[in-house]
Amino acid sequence: MTDLFAEALATFDQLFDEAQAAGEPDRTAMVVATAGLDARPSARTVLLKAHDARGFVFYTHLDGRKGRELQANPFAALVFHWPRVRQGVQVRIEGRVLTVPDDEADAYFASRPRGSQLGAWASEQSETLESRAEFERRIQECEQKFDGRPVPRPQRWTGFRVRPRSIEFWYGADFRLHERYLYERDMAGEWSKRMLYP
């Protein structure tokens, strides 16, 4: 790991800790932006479940909209916004997306509350749902199906890891005179750092 990439990760870890200390409602909440082959972007908030030098991980259904888009066009942008940290902080991450190994997805799925596990089986993510009662009926069916035994991970439910190509730190300041620092990886894998105008 290069020194600049290590510096960027250490900066993220420091801000992540500050977000917890500042009382952010959920410091793991991040916007994930994707685009399909039609290049039309879509964005939604998900939760960060792991991060290290390999990247930033979240979990979802492969057949939902974001799962389909990430399989067709394996690039994503992430945004963390922590308004209670300093004068407001944003972290923007962009990069290629890879699915996590099965054993990693299995381990995370096993750590989820049973209700969340059953919900992953019951949900046909992003598809039309006729009524809430229909969803509750599907959850009851799953409860019966797995009664008395562990709930396995659905085959089409897994994690995506965003491998950073760029990481930007945006620090709020009075009069919109913000500070921005951009770390970027080039095609040769070398990282650089520069300051940007706000």
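This is a predicted model: local features need pLDDT of at least 70, side-chain atom pairs count only at pLDDT 80 or more; totals for chains, interfaces and linings use all residues.
Leaving aside neighbours within four places in sequence, Phe-169 is in contact (heavy atoms within 4.5 Å) with Ala-8, Thr-11, Phe-12, Leu-15, Gln-90, Val-91, Glu-179, Arg-180, Tyr-181 and Tyr-183. Residues are numbered from 1 along each chain as its sequence is written, and side-chain values use heavy atoms, with hydrogens and water left out.

Phe-169 also turns up in the largest nonpolar core, a set of 31 residues where Phe-12, Trp-82, Val-91 and Phe-169 have the most contacts. A nonpolar core here is a set of buried Ala, Val, Leu, Ile, Met, Phe, Trp, Tyr and Cys residues joined through side-chain atoms within 4.5 Å. Buried means under 20% relative accessible area, exposed over 50%, and partly exposed in between, with a 1.4 Å probe and protein chains only. At least two residues of this core come from each of H1, E1 (29-35), E4 (55-61), E5 (75-82), E6 (89-99) and E7 (157-171). H1 gives the largest share, seven residues. Helices (H or I, at least four residues) and strands (E, at least two) are DSSP runs, numbered from the N terminus. Another core, of 14 residues, lies apart from this one and includes Val-100, Phe-109, Phe-135 and Phe-146.

Now for H1 itself, which runs over residues 3-21. Its buried residues are Phe-5, Ala-8, Leu-9, Thr-11, Phe-12, Leu-15, Phe-16 and Ala-19. They sit on the same side of H1 because they cover an arc of only 155 degrees around the axis, taken from the directions from the helix axis to the C-beta atoms. Exposed Asp-3 and Ala-21 are on the face turned away from that buried side. Just past the helix, Gly-23 has a positive phi of about 80 degrees.

Charged pairs come next. The structure holds 21 salt bridges, each a side-chain nitrogen of Lys or Arg within 4 Å of a carboxyl oxygen of Asp or Glu. One of them joins Asp-63 to Arg-156, with the closest N and O atoms 2.8 Å apart. That pair links distant parts of the chain, 93 residues apart: Asp-63 is in the loop between E4 and H2 (65-72), and Arg-156 in the loop between H5 (132-145) and E7. Within H5, Arg-137 and Glu-141 are four residues apart, about one turn of the helix, and their salt bridge has its closest N and O atoms 2.1 Å apart. Finally, Arg-92, Glu-94, Arg-165, Glu-168 and Arg-180 are linked in a network of salt bridges.

Key:
The expected span of a helix is 1.5 Å times one less than its number of residues.
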